[in-house]
Amino acid sequence: MKSILIAVIDRIIPADDFPSASQAGVMNYLARQFVGDAQQWAEPIETGLESLDAQARQKSACGFAELPAEKQDELLASIESERFFEELVALTSEGFYADTGNGGNFGEISWKMIGYLPREKGDLE
Amino acid sequence: MKDSYDAIVVGSGAGGGIVACVLAEAGQTVLLLERGKTMSYTQVSLDHVRNHRFGKYGNNTGPELEGHPRVFIDSAGKRHVLQPHQGGYMNNAMVEGGGTLIYGAQAWRFLPKDFRMASIYGTPAGSSLSDWPITYDELEPYYERAEWEIGVSCDHTEASQFWPRKKPFPMPPMEDRPPRPVLRKAAHSLGWKTMPVPVLINSVPYNGRQACVHCGCCIGFACPSDGKNGSQNTVIPRALATGLCDRVTQAMAERIDTDSQGKVIGVTMVVMIDGQPQRKSVRAKRVIVSGGAIETTRLLMNSTSTHHPNGLGNEHDYLGRNLQGHVYVGAVGYMQDSMYDGRGPGVSIATLQFNHGNPGVVGGGLLADEFIKLPIIFWNSGFPPGEKKWGLSAKRFMREKYVKCIHVQGPVQEIPNPEARVQVDPTVRDRYGIPVVKLSGKIHQATSDVADFLREKAMLWLKTAGAENTWTWGHGMGLTGGQHQAGTARMGNDVKASVTDSWGRVHGHDNLYIADGSLHVTNGGMNPVLTIMALAFRVGEGIVANSR
């Protein structure tokens, strides 16, 4: 399940010259949230990912994680309005763009990417 | 805490802190009760997913998620029992200072016409639109006190385009931010007047505290330099310095006590004693309720007795009606160049061109640029319709547009209606067994019409400024409240269609007062906090005059 989850969140926020979701610590954020404030989503997301993997195996000889990126994107596009996926997109983006105190966004890398200047103490720093 | 005081003030937010200060400085002994805690900047924290701007997983300044439910009846009539961070709960910060600890601190006076809405526009069917029992001119000296004693930064000459003003602001306006010259030029080319946004933030050191350090996280968070002015760092310290005011936090007022004649004699509260919640009754010559429009209603309604079977101030079933906050409308566009330099507050320029005099609609509202957005808030709400929120395109969108975004928005002056209600639900209780509020109703159609009108002006402003891909979004008909909650115990001269007199004294009582947004007859087309503060100074002075 972990490998499918990584594969999916890395299509939600893929790598380019900045890290992917998993490279920026989103798995760390999700691990906290699935036993914390988003625990009600752990099961629906797991079920959804299992179904996604089954669809991948139906259409090809391998599971979702082993598909090429463009096939993964096609499959995700076909389920993008399913509630579990919408929530996973939100959670992944939270892990990527929120403060590092929540476990993701290693090195505030997403903030560097978009140009957000965290000025915790402002001119006091 | 003593057993009796001259006055008990319930709630330490924008209204309660000021009344406590005015009374204590006039020599009265005061007990200031606050249900929340005292919180430092560090304790409030900078959690991007648990705050009053993005509260998906909680809030940073109370109440705690467990043990403080509210009941919400949605527009389809469905009943929900909600936690404080959920939509429909309409939370405001429950902490020492209330919302003023974590607000964006926009410091608007209501306009002279805002006090005379029914005279100007009539009363639309199904609404309760009324004039205030006082005029702008009567409140003006108290606005001035709020600007000087709490501390506001702005430009007197530019503000004087919109209001008759006697005295300049104590501090110059906040420095220019990139959107200000762009939006100013566009507005002036359209013939619209603009002004810098007045804020309760120190543009220069003031009253012994530092200036703003431009951290960019005003709204939803506390201030790292303490240069944002709220009750907790202005009037409450003054009240305490008299030696006459006791401030007790984690003290939840349960009911206002009355004697066998129905006269108010004090407050029964749940208070932490040796770490345990215990009930305690304290006596006072007068009680001032400043819990915000929702919790003030709850306390009064829960204070039933044989003399007051429907609660205090509710002889005519008028308490808790006319709940109003603000419908917000806005538009977003993307400029060629960066509009972002990281230096807060972010909100910098406004037009009040459309607060009144708009063809075919009742009233209006101001438009201003938005505070700096947390990245996750931009992700959550900054994508135009049709823009995919996952995949490489979404990542590129964030990367390209975050710094180029301008968001113009404004609060619509609501047309109050009596079916927008706060009541008590006796079947749902909080952690102390106190019945909680039930919220129900929706906005008036006239409010919706103004929103549609103002939205087009927001779009026009951005397009004229040269923004690309300008887009906007609709509004619902749902009840508003939250941080701008107001109207549930309006002032007035008609005892059947108001709850207090023009000095905030509850009809039928000589020693029970209200000092918060509940008093507002209408809530302006702008942020209401400076009006709450001005009224609180006036209510406080009225009490002092009556106590002599």
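The model is predicted: local features need pLDDT of at least 70, side-chain atom pairs count only at pLDDT 80 or more, and totals for chains, interfaces and linings use all residues. Residues are numbered from 1 along each chain as its sequence is written, and chains are lettered from A in the order in which they are written.

**Chain A against chain B**
- In chain A, 28 residues are in contact with 26 residues of chain B (C-beta atoms, placed from the backbone, within 7 Å).
- On the chain A side, α1 (2-12), α5 (83-97) and α6 (109-114) each supply at least two residues. Helices are DSSP runs of H or I, at least four residues, and strands are runs of E, at least two, numbered from the N terminus.
- That side of chain A has 12 nonpolar, 6 polar and 10 charged residues. Ala, Val, Leu, Ile, Met, Phe, Trp, Tyr, Cys and Pro count as nonpolar, Asp, Glu, Lys and Arg as charged, and the others, Gly among them, as polar.

**Helix α1 of chain B**
- Helix α1(B), residues 16-25, is largely enclosed by the rest of the structure, because 9 of its 10 residues are buried (20 or more other C-beta atoms within 10 Å of their own, all placed from the backbone).
- Those buried residues include B:Ile18, B:Cys21 and B:Leu23.
- They pack against elements of chain B including β1 (4-10), β9 (276-289) and α12 (529-547).

**Helices α4 and α12 of chain B**
- The axes of α4(B), residues 136-151, and α12(B) come within 8 Å and cross at roughly 105°. Axes are lines fitted to C-alpha atoms over the stretch in contact, with angles from 0 to 180 degrees between N-to-C directions.
- The two helices, α4(B) and α12(B), are therefore roughly perpendicular (65 to 115 degrees).
- Among the contact residues are B:Tyr142 and B:Ile150 of α4(B), and B:Met533 and B:Phe537 of α12(B).
- The contact of α4(B) with α12(B) has 9 nonpolar, no polar and 2 charged residues.

How values were computed. Two residues are in contact if their C-beta atoms, placed from the backbone, lie within 7 Å. A residue is buried if 20 or more other C-beta atoms lie within 10 Å of its own, exposed if 12 or fewer, and partly exposed in between; C-beta atoms are placed from the backbone. Angles under 35 degrees count as roughly parallel, over 145 as roughly antiparallel, 65 to 115 as roughly perpendicular and the rest as oblique.
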